[in-house]
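Have the viewer open as you read.

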Amino acid sequence: MSADNHNIAYLCTGKICENGLADKVAMRWISPQFERTDVTFAELDEQSNRFANVLSSLGMGKGDLLCTFLPKCMEQFFVFLGSLKREMITGTLFSNFGEDALLDRLGDSGAQVLVTKRSLYKKVERIRPRLPHLRHVILVDVADHLADDVLSYARLMDAAAATFETPATSAGTPSVLHYTSGSTGKPKGVLHRHGSILQQSRTCREVLGLTPDDIFWCTADQGWVTGTSYGIIGPWSLGVTQVHYGGGYDAGNWMDLLAGEGVTVWYTAPTALRMLMREDGETYEGVDLPALRHICSVGEPLNPEVMTWAGKTFGREIYDTWFQTETGAIMIANRPGLPVRPGSMGTRISGVEPAIVADDGTICSPGEHGNLCVKQGWDSMFITYLNNPTAYASKFRNGYYHTGDMAWQDEDGYFWFLGRSDDVINTSGHLVSPFEVESALLELPEVAESGVIGVPDELLFEKVVAYVHFHRGIDLTAELELKIRIHVANRLSSLAIPQEVIGVPSVPKNKSGKIMRRVLKAQYLGQDAGDISTLEE
Ligand code: AMP
């Protein structure tokens, strides 16, 4: 095996075994019923080899595209690594997605293979006629093949060889695909490359502070970048044991898991910490976490009061970290050895040059507000938006990638988050596109038009609010509101459900017909809408 092989899956399995850790537990899988299964690095290697061979037997190879559409389950990890060994591009789709969200992503990616569960496949079946590229569906929970193109994972894996020679993969070879939401247009496919592992590995050491003796738990779903960069790649590249839990949020179970598994480093999100903060104090009585060294957080601003609460309750430092789907790995962070300034995201990590850039392209001085940018060329920089090179190019100016966030930097290099420069909504750490919600609402016969915004929320950071102009004679009733919510959940996902629906006689638009969400937001917050000279008469 070549010394400069950048293949993510090889570096997370075969290489770790070659380094003498074959019998070490790579994953302690805990089912929603709290049954435990240990998977060693040798087993992880073997299972992913088998899946790589499955893909070969199906005629799939380098550059072909596979998506998973799975709830948390062990197969997710074997499939992810197996398809990367085969040098395919691997997309992970959040299992809560509804039909429209799926169609956009599967359609745009042109995925030829989809790995899912029988119950979730029902959603796919309805849109399959519109997915001409999809050749093979593999179901992880059926014993036998259901059709020539609807196959049983178990049957395929049984027939596959346990060894696979991973090709020497260059750093530039495309690897992982995640879709991200913008404020206009369809979601964009953020494509990464195998070389991203350098940064994911480095940040696991420098920021999360991981060493081979750690027991690491990342609560993110594999449908999002944190779930792959830090729930798979970074920790396994260091030979770290990861706990993966198939259940959802439950304060009691989470405390049992942290204590029972002896978790040493825990990576979670501010909404989860705020939910924990709301629990009865009894939840934490007698909870002893001697093994836990620190807690890290990502996805939304970490409010100083949450930091204080978590610090007091767990007696540990909470390190906020900042990154996004496009950056592939942590760019700015608090970390061991760096004094925490509550409310700040921390300082830049090595190998990365973030800067605050003014709209005219000049670099801002300390204290000045501006666009949070990152100097082009870091190891885990995305390589394109799939099928959308124009959108990709538009993100780079004067050698800087524009993140879409606004921030400022203090004299000592600490970054402070201000908000988004666009209308994208960040609800519980997940980006929701107002455009996608507006499009889904338009599918309802009662809706004439709508404007969707995010407004501050104590628990979720932001909540989705829909201003809806209904057709003549239609009134907003509790029943209609429920219908709207169910519709959005079915078409997009439960994350996108409007928490509030407000009926209006018209939606403000500018002269070119663009919905002025800024005006709606000001209206909601009782603020001055600023310059409304471009508003449609
Ligand atoms: P995503 O690409 O879905 O992972 O979302 C990335 C976005 O989440 C960023 O551009 C920020 O707007 C937000 N975000 C991530 N981490 C933080 C953080 N530590 N503080 C504030 N916002 C964050």
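Threonine 68 has valine 115 in E5 as its bridge partner. The two strands concerned, E3 (residues 65-70) and E5 (residues 113-116), run in the parallel sense and are paired over four bridges. Strands here are DSSP runs of E with at least two residues, and helices are runs of H or I with at least four residues, both numbered from the N terminus; two strands pair if DSSP finds at least two bridges between them. This is a predicted model, in which local features need pLDDT of at least 70 and side-chain atom pairs count only at pLDDT 80 or more, while totals for chains, interfaces and linings use all residues. Residues are numbered from 1 along each chain as its sequence is written, and side-chain values use heavy atoms, leaving out hydrogens and water.

Zooming out, E3 and E5 belong to an open sheet of eight strands with mixed pairing, ordered E7-E6-E5-E3-E4-E8-E9-E19. At its edges are strand E7 (150-152) and strand E19 (384-385), each pairing on one side only.

Now to the nonpolar cores. A nonpolar core is a set of buried Ala, Val, Leu, Ile, Met, Phe, Trp, Tyr and Cys residues joined through side-chain atoms within 4.5 Å, where buried means under 20% relative accessible area, exposed over 50% and partly exposed in between (1.4 Å probe, protein chains only). The largest core has 47 residues, and those with the most contacts inside it include Phe69, Phe97 and Leu441. Because domain 1 (8-318) and domain 2 (425-525) both give residues to this core, it lies between them; the domain bounds come from an automatic or database domain assignment. Apart from it lies another core, of 43 residues, with Tyr10, Leu156, Met157 and Ile233 among them.

Where does arginine 517 sit? It is found in helix H16 (residues 517-525). Arginine 517 is buried, at 8% relative accessible area. Its side chain makes a polar contact (N or O atoms within 3.5 Å; within protein, one able to donate a hydrogen and the other to accept it, and residues adjacent in sequence counting only if both atoms are side-chain atoms) with the side chain of aspartate 423, at 2.9 Å.

Finally, the cysteines. With a disulfide taken as a pair of cysteine sulfur atoms within 2.5 Å, the count comes to zero. For cysteine 17, the nearest cysteine sulfur, that of cysteine 12, is 11 Å away. The sulfur of cysteine 204 is 9.0 Å from the closest cysteine sulfur, in cysteine 218, too far for a bond. Cysteine 204 is also buried, with a relative accessible area of 0%.
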